[in-house]
Structures are given as C-alpha cells and as structure tokens.
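User: I would like to go through the terms used for this structure and see what each label rests on. Please set the values against the definitions.

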Amino acid sequence: MNPSYTIVGTPFSTFTRTAASALNFKGIPFKQESTLPHTELARKHHPFGFIPSLVITEGDNELNLGETQAIARYIDRIAPSPSLTDVNLELSEKLWELVSIIAGIGFKSVQVGVVKPRLESINEGKESTEECRAHLESSGGVQALHDFFQTLESLKSGNGPYLLGSNPTWPDFFLFPLVSDLLATPDADIVPPGIVGWSKEMESVKGIKETHRGTLADGGRP
C-alpha cells in the first residue's frame, strides 16, 4: 500500500508553501490541513507547534515529519525525479548551504525585518505608507534586506535563469515564497530587478501557481 500525505499548515506560511510547491512539482498527491503555528493541530504534529508538518499515513501507521528542510530531504528520497538537486557544483552540499541561508537569514531579512512589520502597520492603520517605510529604514530592516539580496547575488551559480543554473532547485523553492510576499507589499521596490526577473521565471515552474491561493500575493491573511 502506498502511503498518503497531508501537509499541515496555512497556505499563508512561506515554509508551508515551499513544501506544498515541491510536492506538486514532484507529482505527489497530498491533502492540506490549514492551521496557524502553535495551534492544537500544529502541536499534534510538531513538538513545538511549528508549521509545516508532513503527515505520512500508511495503513494504520501515521508518522509526523516536521521542519521544512527535513521534509525536503524526505520528498527527494521518495521521489528523486524530477530532480530539485540537479546542479553542477564542486560540492553538492553547497545547495543545502544555500537553502539554510535562505531559510534562516533570508526569512529573517524578508519576513521578520520587512513583511511582517509592514502588515502590522497596514492592519493597525495608524501610519502612512511613507511613515512605515521610515520606521523600516530606521530599524535597520531595509538595510538588512539590501545586504541579504546583495550577498545572495554573490552565491548564485551557473548561467541559467535560476539560482543555481538552468534548472529550478530547492533554494529556488525556499526563496520564491519569501520574494512573492515581499512583491505583494508597498516595499516591492526594494527587490532588485534581477530577483524580480527570477521571480517571474519561477511563476512558470510546476507547483508554484498551484500554491498561490491563500498567500499574501493572493490577498490572503493569516
């Protein structure tokens, strides 16, 4: 009996979107149970209530796998093709190094430093777009975002349209939800033209449009 899969997490979550996009890209059928972090449902499947979790059900046996990078490794193992690790690098581990940088520093720079404060400002309705930008600049969020994109540019490899060459890979799938959110805010002008072009290229990759619904770019909210 083949296992069935359920992604636990809201479509609004960038990490949830990464996992769901990859499952779509690989052609793996799955269900999705939408929930925010730290809810009873989230804690049922992740010891700290983080999202996403991948629930793997085979007969009466149910296994929970949390943390997006662990989920990515599992997806690669059960469905090696189409590949998200097909790169020409001197050290293949450099792909996962870039994933870790995007998931850690990238998430902090994009979401924590700019997107979340911007959404809080919009929801509160107490300051203008320009006043919020001034706060983002004074807090160091805008500069940190500039620094992240500048460093990311130096880490790109190959001559193709994607981060590591001519094929989309895991770093692309981790970065796209972050950039998609940022482009949906009044701070989209911070995104370098090269990343904007990369984002448009990614929109045609299988799995990306399939996970658009419920995201910030779709008008969704947590």
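Analyst: A cavity here is a set of grid points where a 1.4 Å probe fits but cannot get out. The model is a predicted one, and the structure holds one cavity of 30 Å³ or more.

User: How much space lies in the largest cavity, and which residues line it?

Analyst: The space in the largest cavity is about 40 Å³. A lining residue must have an atom within 4 Å of a point. Those of the largest cavity are Thr 14, Phe 15, Thr 18, Ile 102, Ala 103, Phe 107, Phe 174 and Leu 178.

User: What makes up the lining of the largest cavity by class, by element and by domain?

Analyst: By class, six residues of this lining are nonpolar, two are polar and none is charged. The elements α1 (14-26), α4 (93-124) and α7 (170-183) each supply at least two of the lining residues. Domain 1 (4-78) and domain 2 (92-212) each contribute at least three residues to the lining.

User: What is the volume of the largest pocket, and what makes a space a pocket here?

Analyst: A pocket is an open set of points with protein on both sides within 12 Å along at least five of seven lines. The largest pocket has a volume of about 570 Å³. It is lined by 26 residues, and the closest to its centre are Ser 13, Pro 37, Ile 51, Phe 107 and Lys 116. Two or more lining residues come from each of α1, α3, α4 and α7. The largest share is that of α4, with seven residues. By class, the lining of the largest pocket has 12 nonpolar, nine polar and five charged residues.

User: How do you know where the largest pocket lies relative to domain 1 and domain 2?

Analyst: Both domain 1 (4-78) and domain 2 (92-212) give residues to its lining, so the largest pocket lies between them.

User: Why is α1 called largely enclosed by the rest of the structure?

Analyst: Buried means under 20% relative accessible area. Of the 13 residues of α1, 11 are buried, so the helix is largely enclosed by the rest of the structure. Among the buried residues are Arg 17 and Lys 26, along with Leu 23 and Phe 25. The buried residues of α1 pack against β1 (4-8), β2 (31-33), β3 (53-58), α3 (68-78), α4 and α7.

User: Why is Asp 172 called buried, and what does it touch?

Analyst: Asp 172, found in helix α7, has a relative accessible area of 0%, so it is buried. Not counting residues up to four places away in sequence, Asp 172 touches Tyr 162, Leu 163, Asn 167, Trp 198 and Met 202. Contact requires heavy atoms within 4.5 Å.

User: Is Thr 6 buried or exposed, and which residues does it touch?

Analyst: Thr 6, in strand β1, has 14% relative accessibility and therefore counts as buried. Not counting residues up to four places away in sequence, Thr 6 touches Lys 31, Glu 33, Ser 53, Leu 54 and Val 55.

User: Why are His 38 and Glu 67 called partly exposed?

Analyst: Partly exposed falls between the 20% limit for buried and the 50% limit for exposed. His 38 has 43% relative accessibility, so it counts as partly exposed. At 44%, Glu 67 counts as partly exposed as well.

User: Which form, cis or trans, do the peptide bonds from Ile 51 to Pro 52 and from Ser 81 to Pro 82 take?

Analyst: Most peptide bonds are trans. The bond from Ile 51 to Pro 52 is cis, with omega near 5°, and Pro 52 lies in the loop between α2 (40-45) and β3. The bond from Ser 81 to Pro 82 is cis, with omega near -5°. Pro 82 is in the loop between α3 and α4.

Technical notes: Residues numbered from 1 in each chain as written. Predicted model: local features only at pLDDT ≥ 70, side-chain atom pairs only at ≥ 80, totals over all residues. Heavy atoms only, no water. Points joined across faces, edges and corners; volume = space filled by probe spheres on them. Helix = DSSP H or I, 4+ residues; strand = E, 2+ residues; numbered from the N terminus. Nonpolar A, V, L, I, M, F, W, Y, C, P; charged D, E, K, R; others polar. Domains from an automatic or database assignment. Buried < 20%, exposed > 50% of the residue type's maximum accessible area, 1.4 Å probe, protein only.
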